[in-house]
Amino acid sequence: MTLAAGPTAETDPRVALHRLRAEVAKAVVGQDAIVTGLLIGLLCRGHVLLEGVPGVAKTLLVRSFAAALDLDMKRLQFTPDLMPGDVTGSLIYDPHGAAFTFRQGPVFTNLLLADEINRTPPKTQSALLEAMEERQVSVEGAPRALPEPFLVIATQNPIEYEGTYPLPEAQLDRFLLKLAVPLPSRDDELGVLRAHHQGFNPRDLAAAGIKPVATAADLAAAREAVGQVGVVDMVLGYIVDLCRATRISPSLELGASPRGATALLGAAKAWSWLAGREYVTPDDVKAVTRSTLRHRVRLRPEAELEGVTVDQILDAVLGTVPTPR
């Protein structure tokens, strides 16, 4: 009997996805953690909310990510006058055929960049709910499947509140991760200036040398591998204890739901696999806890007045819940 050969560097989807970081770095400097978060979203079939001030290359990051994966991408600027049909598509009367035909909206893509999602009213925000949860769009009662893979990457500005419509908890819960896009370090910002001084054009990714380094087949194989990552009962219990601790925190009026626990499990498995392990450790869970739970909990008003942040509460939870050994 002969043993089956393991994956080589050429066939291992993990190697292909790791190459993506270097490819995106040709256009975006110093955002490896955000790229990892987007990869986790794809591996878990979950959506990602990016929060950061204007000018930190959120749109460029997503465009580079899509180009390196050779995925179709559409960008939709959310505005107060955007209608649900502008997102999902609508029926258009064809006078030649004397019939209504469906014209697809921008949601029919692999990566949908929902730019400034909190600038559009709830009616239009909710148009994304079915697409995000069911991966289909229903128009006039007829469901239409979205392409596979399908990922919504939404952006919002954390400091601007005038003229915005905060996402309701039900929709926030549909995002697997909420990632804070930081300002670059001094060295990274110098790298950005040098690149622009040397002629870098953020609107021309091909000139920047970005090319596809992973395929849909790599992604499918990676998802299957993530599904095989092992988790012992002790780690499962740790995930449950972390989520339950948020529900009894005196600083929170809303804790993580069981859906948050399943999201934490999936994100930890993807993180572990990307790190080269075939099993989840408590440290893997800790690494993704903030990004997985920060948008699923809500501070009490008195805690907000005291200047407490959600991340500080999650850090306290991580510090008080016993870590399995």
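Modeller: Let us begin with two words. A helix here is a DSSP run of at least four residues, and helices are numbered from the N terminus. A pocket is an open set of grid points with protein on both sides, and a residue lines it if it has an atom within 4 Å of a point. Keep in mind that this is a predicted model.

Biologist: Which helices each supply at least two residues of the lining of the second largest pocket?

Modeller: Those are helix 3, residues 58–69, and helix 8, residues 186–197. Helix 8 gives the most, with 5 residues.

Biologist: How is empty space found in a model at all?

Modeller: A probe the size of a water molecule is rolled over the atoms, and this shows where empty space is left. In our case, the second largest pocket has a volume of about 440 Å³. Its lining counts 21 residues, and nearest its centre lie Gly-55, Val-56, Ala-57, Leu-60 and Val-192.

Biologist: Next, salt bridges. How many salt bridges does a search of the whole structure find?

Modeller: The search gives 17. The idea is that a side-chain nitrogen of Lys or Arg comes within 4 Å of a carboxyl oxygen of Asp or Glu. Take Arg-14 and Glu-278: their closest N and O atoms are 3.2 Å apart. Arg-14 belongs to helix 1 and Glu-278 to the loop between helix 11 and helix 12, so this pair ties together parts that are 264 residues apart in sequence.

Biologist: Is Arg-14 buried or exposed?

Modeller: Compare its relative accessible area with the cut-off: under 20% means buried. Arg-14 has 14%, so it is buried.

Biologist: Could you take me through another pair?

Modeller: Of course. Asp-115 and Arg-75 meet in a salt bridge at 2.9 Å, N to O. Asp-115 sits in strand 5 and Arg-75 in strand 2, 40 residues apart, and the pair links distant parts of the chain. Asp-115 is buried, at 7% relative accessible area, while Arg-75 is partly exposed, at 43%.

Biologist: And what is the N to O distance between Glu-148 and Arg-223?

Modeller: For that salt bridge it is 2.5 Å. Glu-148 is in the loop between strand 7 and strand 8, and Arg-223 is in helix 9, so parts that are 75 residues apart in sequence are tied together. Glu-148 is partly exposed, with 45% relative accessible area, whereas Arg-223, at 18%, counts as buried. Salt bridges can also form a network, as with Glu-23, Lys-26 and Lys-211.

Biologist: Now the surface. Which residues make the nonpolar surface patch of about 320 Å²?

Modeller: Leu-91, Tyr-93 and Phe-100 make it. Residues in a patch need over 30% relative accessible area. Tyr-93, in strand 3, has 45% and counts as partly exposed.

Biologist: Last one: which residues does the UniProt annotation "domain: ChlI/MoxR AAA lid" cover?

Modeller: According to that unreviewed entry, residues 244–315. Over this stretch the chain is 61% helix and 7% strand, and the end C-alpha atoms lie 14 Å apart.

Methods. Residues are numbered from 1 along each chain as its sequence is written. This is a predicted model: local features need pLDDT of at least 70, side-chain atom pairs count only at pLDDT 80 or more; totals for chains, interfaces and linings use all residues. Side-chain values use heavy atoms; hydrogens and water are left out. UniProt positions are given in the numbering used here, feature names are shortened, and annotations may be inferred rather than shown by experiment. Patches are made of residues with over 30% relative accessible area and no salt bridge: like charges are joined within 9 Å, nonpolar side chains (Val, Leu, Ile, Met, Phe, Trp, Tyr) within 5 Å. Accessible areas come from the Shrake-Rupley method with a 1.4 Å probe; for residues, only the protein chains shown count as cover. Buried means under 20% relative accessible area, exposed over 50%, partly exposed in between (1.4 Å probe, protein chains only). On a 1 Å grid over the protein atoms alone, a cavity is a set of points where a 1.4 Å probe fits but cannot get out, and a pocket is an open set with protein on both sides within 12 Å along at least five of seven lines; lining residues have an atom within 4 Å of a point. Grid points are joined across faces, edges and corners, and a volume is the space filled by probe spheres set on the points.
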